[in-house]
Amino acid sequence: MAEDFNTESMLDMYLFENTQLLEQLQETVLEQKDADCFDEDSINEIFRTMHTIKGSSGIMMFDNITAVSHKLEDVFFYLRESHPDNVPHVELVEHVLEVEDFISSEMEKIRNGDPADGDASDIIADLDRFLNMIKNGGAADSGNPPPENVHEEPKHFYIAPVATSASRFYKIFITFFPETEMANVHAYKTVYALKEIAEDILYSPEDILTDEKSGDIIIKEGFRILLQAQCSEQEVRDLIGVGYDIEKVEVYECDADQFLLGFDFGDQAPAAPQIDLESSVETIEARQEEAQKEKAEEKKPETPKIVPGDFVIQSKEPGKQKKLAKDKPKGEKASFISVNVSKMDQLMDLIGELVISESVVLQNSDLKVPGLNLDNFNKAAAQLASISTDLQNVIMSMRMVPLTNTFQKMNRIVFDVSRKLGKDIEFVMVGDTTEVDKNIIEHISDPLMHLVRNAVDHGIETNEERAQSGKHEKGKVTLSAKTEAGKVWISVEDNGTGLDREKILAKARKQGILDDNKPDAAYTDKEVYQFITLPGFSTNETVTEYSGRGVGMDVVVQNIQAIGGALEIESTPGQGSVMSLKIPLTLAIIDGIVMEVGTSSFVMETGVIKQFIRVKEDMMVHEPNGDEFVMIRGECFPVLRLGKWYGLEEYQESVEDGVMLILEVEDKKVCLLVDKLVGEQEIVVKPIPSYIKKVKGLSGCTQLGDGSIALILDAPGLVE
């Protein structure tokens, strides 16, 4: 039977759950990295996290992960039991993050199908030295050292009972959420956790690892445990815990005789006394008293006192299992299910095809026959469009994920880099719950990393330099996010030296970037600051591990522009800089304006179009070099003829026969001349095939309702 057990499913669950635990661990540690010590709740949480990872890794036989997590668990076991007051907090933070890095890298190997063969001996040795150091430097308030946190492999699940006067007996009933996958594995993790304190432990069903069907039984009937241990009821509850898998834990203390009565195995032991896990201790004692009196008339038992958990015992018919009933109607709870991202991408693609098919139907040329009564069709079409829009909104909301994890990674970068550079830097996150399309997050992780590292290395001065310049506050890096007009703004702000305009201009002149006929004063600060985004441009005179090679900022701009975003730079000398990323909420479906130039169709995103206008020839200004401008309400705009830009045929030469679109990107404006507007439409963005050379001003393509292909215009590429 063991050979039939589905280890692939266990592995997926192992990776999924431990990834979440490691993310929570890193968040907890980084939140308290600047404190004097971890608070008691954090120590308990980190201990439980490492205990869980140790247990699940032991089940999966990843010995190196088991060993390193057990050693870190030893450290926090000592902290929890002894409460020493001489713990170097920053060093402890570094040890925890080192263990988190090691486990994460090993899990990445496992995820890629490689063996988890990393050597944890150095990390374990460092943790041993750290543990011995804090033990020798001072013990707990009480003179007795805590017991060793001894780990034993679970060779057998049943341990022969050796009861002493200190032994206590418990019956435990665990209810899992109905949507919990592989409940048998979760049940075993609970048994594995309790084994650390158990003198005797029994559980039902007992074949939880060799029989996959036991998971369904546990979901339906619950998981029952008999436990003999020298611990309190609260300690039992703390070890089991209640999370996203366990809905409720009921723990009752009983005596040795009740413990030895055993489980109810039905027909296998019909004559044997049975133990009732659902009833309270008072109810069981009342029944025993009634049985001893042997009264002919059955007495109604007194209403038992409600023990932890808000259920009461309902009456039952002979031979039927007791039912747990809530005192109050149970409120609705959120249900979650993990889905492979590739399936979400497929679903998004199908939604896109549905949008295209809807356009094909609604714009079918057969509907344009004169005399057709389309009232009923239009009603049905309107309902279809409404459902299609709702469907898009739902799938888009499913793809939206908060920026929290991405921001936490930046927190880790600030911590590591500031430690290596010897700078005292505070990291602040604002708006980290802002939600963005998952694909967008994948594109902005690297740009954000570059910006944050630059802020720590370039922007923030050393502690000595800050003191000399009269800055008494700590260095500070603020990472913020907000949503505005269908865009997400992510800013990296520091309170460092700011950008040196003259230094940047000198470097630009040296590299031949500046126009010889244009004086330095003619360049705005924004134009000067944009020079640092050019390839190979760096004002750092010394190359460090993190900067000075002239790479990084150009990568940032390229990655951001690839998803239709932009980078804005603001700086105040001596006070700091702000690097702002302006990115779209999603890349999949956008609202666009369809237009025609000659025989070609184009689409422009609605958000960048500020106005449609028809102009007269006398409003045009023609420069000798061929540049054209148009005067609109006293303001002069450069004109871009789309037909001429792409060398199209049969486009309108006269501005009076076409339509001007005023586009605005990053405070830059341009008038785009097209032949005519077709209308507004939801556009499914498709990438331009890789075998086609990249063309400036184009970001993708789409299929229109009549089946033709339209090119999607890239506004930043046209405005530049």
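Some ground rules. Numbering starts from 1 along each chain as its sequence is written, and side-chain values use heavy atoms, with hydrogens and water left out. Since the model is predicted, local features need pLDDT of at least 70 and side-chain atom pairs count only at pLDDT 80 or more, while totals for chains, interfaces and linings use all residues.

**Exercise 1.** Work out which strands sit at the edges of the six-stranded open sheet.

*Solution.* Strands here are DSSP runs (E, at least two residues), numbered from the N terminus, and two of them pair if DSSP finds at least two bridges between them. Start with the order: S16-S20-S21-S19-S18-S17, with mixed pairing. The edges are S16 (609-613) and S17 (620-622), each pairing on one side only. Further in, S19 (residues 635-641) runs parallel to S21 (residues 668-674), joined by three bridges. Arg641 is found opposite Leu673 in S21.

**Exercise 2.** Find how S10 pairs with S8 and with S11.

*Solution.* Take S8 (residues 425-430) to begin with: six bridges link it to S10 (residues 475-484) in the parallel sense. Ile425 faces Gly475 there. Now S11 (residues 487-494): this strand runs antiparallel to S10, with eight bridges. Lys482 lies opposite Trp489 in S11.

**Exercise 3.** Locate stretches where pLDDT stays under 50.

*Solution.* pLDDT is the predictor's confidence in each residue, from 0 to 100. The protein averages 78, and 80% of the residues score at least 70. Residues 264-275 stay under 50, with nine contacts (heavy atoms within 4.5 Å) beyond four places in sequence. Residues 295-334 also stay under 50, with 49 such contacts.

Definitions and conventions. Helix = DSSP H or I, 4+ residues; strand = E, 2+ residues; numbered from the N terminus.
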